[in-house]
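The following note is written for a reader who is new to protein structures. Please keep the sequence and the model at hand while reading the numbered points.

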Amino acid sequence: MMSTSKNSSETSKGRDVFHLPPSDPELISKIPRILPHERVFPIQIGSELFKLSGASLSSDAPSYFSQYFQCQIKKAEENGEDISTAIRTLYIDRDPITFRDISLHLQGYHVSPRDGTHFVRLFADAQFYTLPKLMSQLYEESIFISIGHREFQIPRDIFTGPGNSPNFFSLGFGVFFSSRDEIFPGLERENLIRPPSIMPPSVPNRSADTFYELLHLLRGYPVHIRDEEHRASLLRDCRYFNFKGIEQKLIPHHINYNLARRRYEITLRLEDILKSGISIATDVMTPTGSGEAVSGWVNYMRPYEDDKHHELILEIGSENTKLHLNIMRAEFFGQVKIRVARLFEVIATKLNLPPTTQPLGLLMASGGAGSQPATPGNTPLSEDLVRVIIDPETHIVLDGKTYNNYTEGEEVTVAMSTTSSMGHGGGQDSPLSSIGGYFGPSRKRRRIDLSSHTSDEWIVRTGQWRLRIQGSRNGKSAIECVLVAVKIDAYSNEQARNAQRGFLKG
């Protein structure tokens with residue numbers, strides 16, 4: 001008996017934890033008395049008859065239903081008729097299956113769309129019946145869309161990350177499903193007999209697998225990049241859907257701390273540079289000890305992704321660079337020439353220089369700045385052939401072999417430098433940021449000897465360059481932008497290029 005009593009006591013305690021709310025008449029009375037709560041109103045939807053109480057119809061009102069039955073009650077009262085006999089059945093030629101869910105909503109149940117087809121039908125009928133609460137609920141629902149013939153349910157708050165909104169969904173999906181201003185864009189409700197036919201949104205020409213991986217990234221999970229083809233497909237769809245924040249995560253890049261230079265570096269391809277990420281960092285002293293007045297270095301911070309600027313190492317590939325060793329200048333071709341010119345224009349703007357050197361009168365007469373050819377020579381920072389510097393620290397692969405041809409120069413005292421910011425951002429978190437420039441030990445300075453090479457021109461397959469801003473020597477302006485070589489893969493003759501060709505497979 002004692003054991004039974006104990007179990008009974010424990011059960012009672014358990015019941016105290018899980019209790020139902022009391023049946024409060026005030027909860028029902030909070031529904032506005034638009035229609036008499038106790039009366040039943042008949043609604044014929046298609047071939048099915050629904051009978052809903054006045055409380056249910058008043059719970060989401062004013063609506064098409066409440067206004068219809070209000071008019072009947074008012075007319076009966078004016079004519080002195082019995083309301084019970086005066087109320088007529090409302091007939092609407094719509095889908096009864098969809099209205100079953102709407103009737104559940106009116107009765108107080110939460111109704112969620114099951115798929116894209118169900119969503120657009122609920123949405124169209126909620127708009128047609130002007131049910132304000134249901135419409136408000138559907139505005140906050142997930143986005144239902146078919147990508148590559150696969151259904152996706154996308155929570156709207158997944159796009160809250162920086163750079164990922166506005167996007168394809170918030171703009172395209174919102175034409176019909178995100179604006180409360182217009183019931184059906186382009187249509188007038190007064191003359192609308194029935195809502196227009198709405199197809200579930202779909203994007204059949206994109207890959208469902210790729211989009212699934214982008215959703216994985218948007219949720220904050222990492223995605224393993226299998227190869228460059230995989231990366232290219234992710235980036236292609238990122239740009240299609242306008243996920244700018246995710247795009248900056250996916251672009252090829254490398255960030256590291258260079259202990260020899262005491263600064264952070266970021267390596268990026270030329271085609272991935274955005275003007276909003278560029279800044280200029282000024283040097284306190286010349287790092288090479290050559291006596292030249294170095295103004296600074298171009299830095300970069302990936303928009304939406306990085307929280308500080310790093311010294312930029314620019315990668316230029318596609319065999320669109322020719323080095324003229326006799327004058328130490330680089331010539332660019334094709335799209336690379338246009339991109340380098342655009343980059344120099346942005347750098348000039350950051351330095352408060354005019355983006356072009358053309359006289360204003362001549363510029364306007366020729367159709368404005370947009371009509372000028374995109375070439376580095378039209379910017380104040382360079383000639384058409386951009387000045388380059390190849391240091392002894394530059395790693396060179398020439399004709400498939402590492403190029404080593406250095407000579408010992410004069411003894412110099414090397415001045416180490418610290419960096420300060422200039423323009424937009426550009427600060428470096430260097431361990432020496434709180435100390436001025438200091439002098440290191442004297443050493444023999446190496447020089448790279450290019451005079452013994454038979455060819456005066458190299459074709460650069462891929463090159464990595466720092467961008468140095470320094471005083472100009474008899475240039476078009478007081479400063480110029482110089483490309484300082486970090487790593488070069490080049491060939492000097494056609495035979496060397498042909499040696500690295502491969503035969504087609506298959």
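**Note on the structure**

1. Strand S20 (residues 457-471) pairs with S21 in the antiparallel sense, over twelve bridges. Two strands count as paired if DSSP finds at least two bridges between them. Within this pair, Gly-463 has Ile-488 of S21 as its bridge partner. Strands of a sheet pair through backbone hydrogen bonds, either parallel or antiparallel.

2. The model is predicted: local features need pLDDT of at least 70 and side-chain atom pairs count only at pLDDT 80 or more, while totals for chains, interfaces and linings use all residues. Residues are numbered from 1 along each chain as its sequence is written, and side-chain values use heavy atoms, with hydrogens and water left out.

3. The protein has 15 helices and 21 strands. Both are DSSP runs numbered from the N terminus, helices being H or I with at least four residues and strands being E with at least two. Of the 506 residues, 44% are buried, where buried means under 20% relative accessible area (1.4 Å probe, protein chains only). Among contacts (heavy atoms within 4.5 Å) with a separation of 6 or more, 68% join residues 24 or more positions apart.

4. Strand S21 covers residues 479-491, and eleven of its 13 residues are buried. Strand S15 (residues 395-398) runs parallel to S21 and is joined to it by four bridges; here Ile-396 has Ile-488 as its bridge partner in S21. Strand S14 (residues 386-389) also runs parallel to S21, with two bridges, and Val-388 stands opposite Leu-483 in S21.

5. Another part of the model holds an open sheet of three strands, in the order S2-S1-S3, with mixed pairing. Strand S2 (48-53) and strand S3 (90-92) are its edge strands, each pairing on one side only. On average, neighbouring strands of this sheet are turned by 25° against each other, direction ignored. Strand S1 (residues 40-45) pairs with S3 in the parallel sense over three bridges, and Ile-45 has Ile-92 of S3 as its bridge partner.

6. Which helices lie across this sheet's strands? Helix H4 (residues 64-79) lies across S1 and S3, at about 145° to S3. Helix H6 (residues 96-106) lies across S1 and S2, at about 10° to S2. Axes are lines fitted to C-alpha atoms, for helices over the stretch in contact, and angles run from 0 to 180 degrees between N-to-C directions.

7. Helix H7 (residues 116-128) packs with helix H8 (residues 132-139) at an angle of about 145°, their axes being 9 Å apart. Phe-119, Leu-122, Phe-123, Ala-126 and Gln-127 of H7 make the contact with Leu-134, Met-135, Leu-138 and Tyr-139 of H8.

8. The largest nonpolar core has 65 residues, and Ile-154, Phe-169, Phe-243, Leu-323 and Ile-347 have the most contacts inside it. A nonpolar core is a set of buried Ala, Val, Leu, Ile, Met, Phe, Trp, Tyr and Cys residues joined through side-chain atoms within 4.5 Å. Helix H13 (residues 334-350) gives the most to this core, with seven residues. Not counting residues up to four places away in sequence, Phe-243 touches several residues, including Phe-159, Phe-169, Phe-211 and Leu-214. A second, separate core has 35 residues, among them Ile-45, Ile-83, Leu-122 and Phe-123.

Note on methods. Buried means under 20% relative accessible area, exposed over 50%, partly exposed in between (1.4 Å probe, protein chains only).
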